[in-house]
Amino acid sequence: MSNAILSLQPKYAEAIIEGSKTVEFRRTIFQKDTQRIYVYSSAPTKMILGYFTIFEVIQETPKNLWNRFHEVGGIDEVAFFKYFEDTDLGFGIVIDQVIVFENPIDPIDFIKDFNGRGTYIYLD
């Protein structure tokens, strides 16, 4: 099993850490069997705040994802459908357990050329 870093806008990263966002929506899903997702809060924070384990990954149409998870997705309807425009399928990563780091981690400390870009950054 692999672990990955997921770069998120600060408002979404904080919502996961606080527990109000329990599903993360994605247009693409992992290329590796992944069990733990580290939550990287992008600029201006630029820190890994903690991680979550995955309960399950749901593949569905955006409409069905919205209908099923809009109350726990931490995103408004307009932004959600804008994110999924021009795609027929999307993924809902259902969050299981969230672990918050007491001291956020700067990924530069252990990934030399880290830039926070990309859908998933895999860790060995």
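Analyst: The answers below go from the whole chain to its sheet and then to its salt bridges. One caution comes before them: this is a predicted model.

User: What makes up the secondary structure of the chain?

Analyst: It comes to three helices and six strands. From the N terminus on, the elements run β-α-β-β-β-α-α-β-β.

User: How do you know that the chain agrees with a compact globule?

Analyst: Set the value against the rule. A compact globule of 124 residues would have a radius of gyration near 14 Å. The chain has 14 Å, so the two agree. Along its principal axes, the C-alpha trace spans about 40 × 25 × 25 Å.

User: What share of the residues is buried?

Analyst: Buried residues make up 44% of the 124 residues. The test for each one is a relative accessible area under 20%. As for the surface, the chain exposes about 7300 Å². Carbon and sulfur atoms supply 47% of that area.

User: What share of the contacts joins residues 24 or more positions apart?

Analyst: The share is 76%, counted among contacts with a separation of 6 or more.

User: How do you know that β4 and β5 pair?

Analyst: Pairing takes at least two bridges between two strands. Strand β4 (residues 47–60) and β5 have 10 bridges. They therefore count as paired, and the sense is antiparallel. Across this pair, F52 stands opposite V98 in β5.

User: What joins β2 to β5?

Analyst: Four bridges do. Strand β2 covers residues 23–26, strand β5 covers residues 90–105, and the two run antiparallel. Here R26 stands opposite F91 in β5.

User: Why is the pairing of the sheet called mixed?

Analyst: Strands of a sheet can pair either parallel or antiparallel. This sheet has both kinds. Strands β4 and β5 pair in the antiparallel sense. Strand β1 (residues 2–8) and strand β3 (residues 34–41) pair in the parallel sense, over seven bridges. In β3, the bridge partner of A4 is I37.

User: What is the order of the strands, and which are the edge strands?

Analyst: Six strands form an open sheet in the order β2-β5-β4-β3-β1-β6. The edge strands are β2 and β6 (121–123), as each pairs on one side only. On average, neighbouring strands of this sheet are turned by 35 degrees against each other, direction ignored.

User: Which strands does helix α2 touch?

Analyst: Helix α2 (residues 62–69) packs on the sheet and touches β2, β4 and β5. The direction of the helix makes about 115 degrees with that of β4.

User: Why is E24 called buried?

Analyst: The cut-off is under 20% relative accessible area. E24 has 3% relative accessibility, so E24 counts as buried. R26 is buried too, because its relative accessible area is 12%. K21 is also buried.

User: What makes E24 and R26 a salt bridge?

Analyst: The side-chain nitrogen must lie within 4 Å of a carboxyl oxygen. The closest N and O atoms of E24 and R26 are 2.9 Å apart. The pair therefore meets the cut-off.

User: How far apart are the closest N and O atoms in the salt bridge of E24 with K21?

Analyst: They are 3.4 Å apart.

User: How many salt bridges does a search of the whole structure find, and what joins K21, E24 and R26 into one network?

Analyst: The search finds two salt bridges. Salt bridges that share partners join K21, E24 and R26 into one network.

Terms used
Residues are numbered from 1 along each chain as its sequence is written. This is a predicted model: local features need pLDDT of at least 70, side-chain atom pairs count only at pLDDT 80 or more; totals for chains, interfaces and linings use all residues. Side-chain values use heavy atoms; hydrogens and water are left out. Axes are lines fitted to C-alpha atoms, for helices over the stretch in contact, and angles run from 0 to 180 degrees between N-to-C directions. Contact means heavy atoms within 4.5 Å. The radius of gyration is taken over C-alpha atoms; the globule rule is 2.2 Å times the number of residues to the power 0.38. Buried means under 20% relative accessible area, exposed over 50%, partly exposed in between (1.4 Å probe, protein chains only). Accessible areas come from the Shrake-Rupley method with a 1.4 Å probe; for residues, only the protein chains shown count as cover.
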